[in-house]
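Subject: Structure for your review

Dear colleague,

Please find the structure below, handed over for your own work. My notes on it follow, and I would be glad if you read them alongside the coordinates.

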Amino acid sequence: MATDNTSDACSAAWRSALALFDGDLQRRGAAEKTRRAYGFDLGHFALWCTRQDIQPQAVTVRQLRRYAAVLSERRSAPTTVARKLAALRAFFRTLREHGQ
C-alpha cells in the first residue's frame, strides 16, 4: 500500500490493519492514486505509532492530536495535515466496520 518501505518497518498489527484498509479501498473501487496517497500517509502514521509501541486498536484521540501536533511542529502545510487526518478518519472507520 505505501509507496515506500515505511510500512515494512511497522509492527505486524499495523501491517495487517493497513492491508485490511487497502483491500477495502480496492473493494470500493478507489483509484490507484488514492490508494497510494492513503498508503503513504497511513504508513508514516503507523511507523510513528510503532515507534511508540501503539497498536492500531489502541490509538486514542489524544494520540491522534499529538500526531497532528507533530505534523504542525514539522511545519507541514495545513492542507497536508488535513489530508493525513482525512486518511486516518477513513482508516479508523474501516477498522470499526470490520470490528477492529
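Does R75 count as buried or exposed? At 75% relative accessibility, R75 counts as exposed, where exposed means over 50% relative accessible area, buried under 20% and partly exposed in between, computed with a 1.4 Å probe on protein chains only.

Before going further, please note that this is a predicted model, in which local features need pLDDT of at least 70 and side-chain atom pairs count only at pLDDT 80 or more, while totals for chains, interfaces and linings use all residues. Residues are numbered from 1 along each chain as its sequence is written, and side-chain values use heavy atoms, with hydrogens and water left out.

Loops

R75 is found in the loop between α3 and α4, and although R75 is not a glycine, its phi is positive, at about 60°. The helices named here are DSSP runs (H or I, at least four residues; strands would be E, at least two), numbered from the N terminus. D53, which sits in the loop between α2 and α3, likewise has a positive phi, near 60°, in a residue other than glycine. With a relative accessibility of 64%, D53 counts as exposed. Between the C-alpha atoms of D53 and Y38 there are 22 Å in space, for a separation of 15 residues in sequence.

The core

The largest nonpolar core has 23 residues, and those touching the most other members are W14, L42, F45, C49 and F91. A nonpolar core is here a set of buried Ala, Val, Leu, Ile, Met, Phe, Trp, Tyr and Cys residues joined through side-chain atoms within 4.5 Å. At least two residues of this core come from each of α1 (12-27), α2 (32-51), α3 (61-73) and α4 (78-97). L42, a residue of helix α2, counts as buried because its relative accessibility is 1%.

Helix packing

α1 and α2 pack with their axes 11 Å apart and at an angle of about 165°, which makes α1 roughly antiparallel to α2. For these values, axes are lines fitted to C-alpha atoms, for helices over the stretch in contact, and angles run from 0 to 180 degrees between N-to-C directions; angles under 35 degrees count as roughly parallel, over 145 as roughly antiparallel, 65 to 115 as roughly perpendicular and the rest as oblique. The crossing of α1 and α2 is right-handed, a crossing being right-handed if the near helix is turned clockwise from the far one by less than a right angle, and left-handed if anticlockwise. On the α1 side the contact (heavy atoms within 4.5 Å) is made by W14, L18, F21, D22, L25 and Q26, and on the α2 side by R35, Y38, L42, G43, F45, A46, C49 and T50. By class, the residues of the contact of α1 with α2 divide into 9 nonpolar, 3 polar and 2 charged, where Ala, Val, Leu, Ile, Met, Phe, Trp, Tyr, Cys and Pro count as nonpolar, Asp, Glu, Lys and Arg as charged, and the others, Gly among them, as polar.

α3 and α4 pack at an angle of about 155°, with their axes 10 Å apart, and are therefore roughly antiparallel to each other. The crossing of α3 and α4 is right-handed. From α3, L64, Y67, A68 and L71 meet V81, K84, L85, L88 and F92 in α4, so that this contact has 8 nonpolar, no polar and 1 charged residues.The axes of α2 and α4 come within 9 Å and cross at roughly 85°, which makes α2 roughly perpendicular to α4. This contact is made by Y38, D41, L42 and F45 of α2 and by R83, K84, A87, L88, A90, F91 and F92 of α4, and its residues divide into 8 nonpolar, no polar and 3 charged. D41, in helix α2, counts as buried at 3% relative accessibility, and, leaving aside its neighbours within four places in sequence, D41 is in contact with Y67, R83, K84 and A87.

With kind regards
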